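Please look through the structure below.

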Amino acid sequence: MNRAVIPFALFVSLVAISSAQFEGGSRQTGPWANLLSSLKARSIGPTNMGGRIVDVAVYGAKPQIYYVATASGGLWKTVNGGTTVQPVFQNESTISLGAVAVSQKNADGVWVGSGEGTSRNSVAWGDGVYKSTDGGKTWANMGLKETMHIGRVLIDPRDDNTVYVAALGRLWGPNRERGVYKTTDGGKTWTQTLKVDDSTGAVEIQMNPKKPNELLCAMWTRERKAYDFTSGGPNSGLYKSTDSGKTWKKVTKGLPDGPLGRIGISYFYSDPKMVVATVEYRPKDAAERQGATQMNGGGIYISKDGGDSWERSSGLNPRPFYFSHPQWDPVDKNRIYVLGVSLHISDDAGKTFRTVQPAIHADNHAFWVDPKDNDTMYIGNDGGFYVSRDRGVKWQHINNIVASQFYGIAFDFRKPYWVYGGLQDNGSWGYPTNTVRGGPSWFDAFNVGGGDGFHVQVDPNDWTTLYSESQGGAASRTDLKKGTGASIRPRTIEGQPPYRWNWSTPIVLSPHNSSTVYIGGNRLFKSVRRGENMVPISPDLTTNDPNKQKPGANSVTPENTGAERHCTIITICESPFRPGLIWVGTDDGLVWVTKNDGTTWENVTANFPDLPANTWCSRVTASKFVEGRCYVTFDGHRNNDFKPYVYVTEDFGKTFAKLSDGLPDFDCTYVIKEGLVNQDLLILGSEMSLRFSMDRGKTWERFQTDFPTVAVHDVAIHPRDQDLVIGTHGRGIWTMDISPLEQITADIRAMDAYMFKPQPVYNMGRMAGAPWDGDAVYMGSPSQPGTSLFYWLKAKASDVKVSVTDAAGNQITEITGTGNEGLNVVRWNARARGRIADPGDYRAVLKVGTKEYVAAIKVDDGPDGR
């Protein structure tokens, strides 16, 4: 590649990096602290697929100050109307949120309720309510830890110490800690003021804006299984209190007969006698379905007496379990908004609605209208957060919140490499890890698949060939250069039962031949022609339980979107050690292995010690070092079991050993990978952590240095760059240089000092950055051009220097390095004032006292490809 390159001898720098500079919520203190403390994870975004927003809290006296609560990416705060937004709740024991509230007396007084309340199949759980008195700089858990999911938090406008919490309780099973809770001493003590039963929780509570003693609360019976979701029951209903929650009365006048499902509530701010509610119930006839939309359940009800009695006004109530959010315009008595897949607007007080499709993402969950200026509106949905200043005609995407929710990730071999992944309700995307401007930004991302995105695979020998999957097995192959694509989902054979596909259907390329593709349904399918002519190579590998194939049958609003499709293969791995040795795991808890490319299969499920039956197998990972070795993780939260399950076999599944000792409960395990060079290196992703083991799973340490408490759904190691690519479900994609973890051995640890081989440096051309784009443009952290120089010290040392020389040994630059016991790092920035290091061979030289330790550095040409 031709490029004007300026000699750089005078324009390079080394930067000493101490572990303290990488500190996030806490220091590394575990068994591998002397290795992990010097590692740094970098967030690269993206932001244009923003992730699900569940709530927004606005400081009314200064509306440019607001807090945005995300489903699984924590709390974000802006003080300038969204020009810049910062995460302020990311290092607590959970960052899944259901609600946020801000004091209207003090913008620094904030409460969050943890555990998302939308109750869809991918929601995460929480551990109670948190309080901050300094605008999110610090937090304290104020209790209610067993509520698990919270629908709403209200602060009494007269007294910041009086707070109400609508607690939904566990989603996957019954528990006592649900209903309405109230504190009058700022969270020191709580009173459960409304309780119905152990399966019915409070999903919504609203306060009369003129009479704060009056409250309306929606109680909702719901339960989810891996194969089913039931919304509603005889104990769901609407309740009213006129004495600040001391007593409650169930409201039935004018409401439909039960069973009811989820109910949403909104007062008319200017005249709170007027209240609108979305009520989930099963309509009896066509007249009651008038005004209904797709996946509709129930209708709109209006009260003119503060909620004591109701009258039905419309059949609109889109997908109530997921939305149920009406909003009465605070100024205009005729304007009512109803959130759903689209935005629905009434200009006749709820009698009729029109559906609008503004230039925003679908699936709306959070909404706010400024009571002082109802032209200003905020909305949050499955794609992020938006602002309108003309009453919803035009919208601005607040495109700097990194809350994207990845399920699976992949990479290619361009220089620098690109990452790919599938996201919740945001399709599948490709994204560079570095650009000629520096870090990547939203406009660098490009879409490669629609729907809900899940698994993505890139041909390692041809980056233009990409495989992706949307919900229900909608797998395709795409030519990224031509822009053409083809479905590769196997077709059901005529006369045979239809195949079953999980919401997240796995796609895997063979490590031995990238033209060989595997897809898992209830059977395993294989193609040796890049997805064409898929053939089954297994029988049904699931329990095929007919009782687990009737989703929504008992729900007030039945739906069968495929999210509860069960008895399917969920994870596949062909052994990199030997072709035809294939492991699969199923969502109904089975693990199988074939040693002969599917001719025969062995069910090894009974050999896992202490594993409850039917526990979702989240990952199988065959070893590249030992033929009979395979790592397996299970995730029991869909069975209301939140224990971690991690195993290894050395004998093709005849026996399994537990590797989960010391792992905490409520941190369910999703993915495990082993090092590509170092067989002792294991990486574990779970609901609330990223963990490392350097002794093959005997001991684990959570990575906490500058990394949030976020669900890690997928990890992969780039074999060329030795980067760990981390796919999080809530904070986008991260990368981390783990080259020293791959290279370290017992012999190196015994040495006085050692310089590890650094990652390659890529000549990125003249890099001008983005100096005139303002402050609102998010850019991920760049890692090029430059590299981290890691070195090992057996003991503390005072006279430590690191330098870079050319191939002939001529010194280019030198710096005094850190002398900590264990792993140390300095950063070589191969660019200064826009000038780049020449391609070629260089050396990193560690000098401790009079001894030198040397490693080669490669500066390569790049970028290439698209």
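The side chain of arginine 178 makes a polar contact with the side chain of asparagine 175, at 2.7 Å. The arginine 178 side chain also reaches the backbone oxygen of glycine 173, at 3.3 Å. This model is predicted. Arginine 178 itself lies in the loop between β12 (163-167) and β13 (179-183). Arginine 178 is buried but has no salt bridge. Its nearest side chain of opposite charge is aspartate 198, 5.9 Å away, and a salt bridge needs the charged atoms within 4 Å.

Now turn to the aromatic rings. The count of aromatic pairs comes to 34. One of them joins phenylalanine 411 and phenylalanine 413 edge-to-face, with 5.9 Å from centre to centre and 75 degrees between the planes. Phenylalanine 411 has a relative accessible area of 15%, so it counts as buried. Phenylalanine 413 has 32%, so it counts as partly exposed.

Another edge-to-face pair is made by phenylalanine 454 and tryptophan 503, 6.2 Å centre to centre and with 75 degrees between the planes. This pair links distant parts of the chain, 49 residues apart. Phenylalanine 454 is in strand β36 (residues 453-458), whereas tryptophan 503 is in the loop between β39 (484-487) and β40 (507-509). Phenylalanine 454 is buried, because its relative accessibility is 0%. Tryptophan 503, at 7%, is buried as well.

Aromatic residues also form a cluster: Trp220, Phe229, Phe321, Tyr322 and Phe323.

Charged groups meet rings too. The charged end of arginine 638 sits over the ring of tryptophan 616, 3.7 Å from its centre. The charged end of lysine 595 sits over the ring of phenylalanine 652, 4.3 Å from its centre.

Notes
Residues numbered from 1 in each chain as written. Predicted model: local features only at pLDDT ≥ 70, side-chain atom pairs only at ≥ 80, totals over all residues. Heavy atoms only, no water. Helix = DSSP H or I, 4+ residues; strand = E, 2+ residues; numbered from the N terminus. Buried < 20%, exposed > 50% of the residue type's maximum accessible area, 1.4 Å probe, protein only. Lys, Arg positive; Asp, Glu negative; His and termini not counted. Polar contact = N/O pair within 3.5 Å; in protein donor to acceptor, adjacent residues only side chain to side chain. Phe/Tyr/Trp six-rings, centres within 6.5 Å; stacked < 30°, edge-to-face > 60°. Lys NZ or Arg CZ within 6 Å of the ring centre and 35° of its normal.
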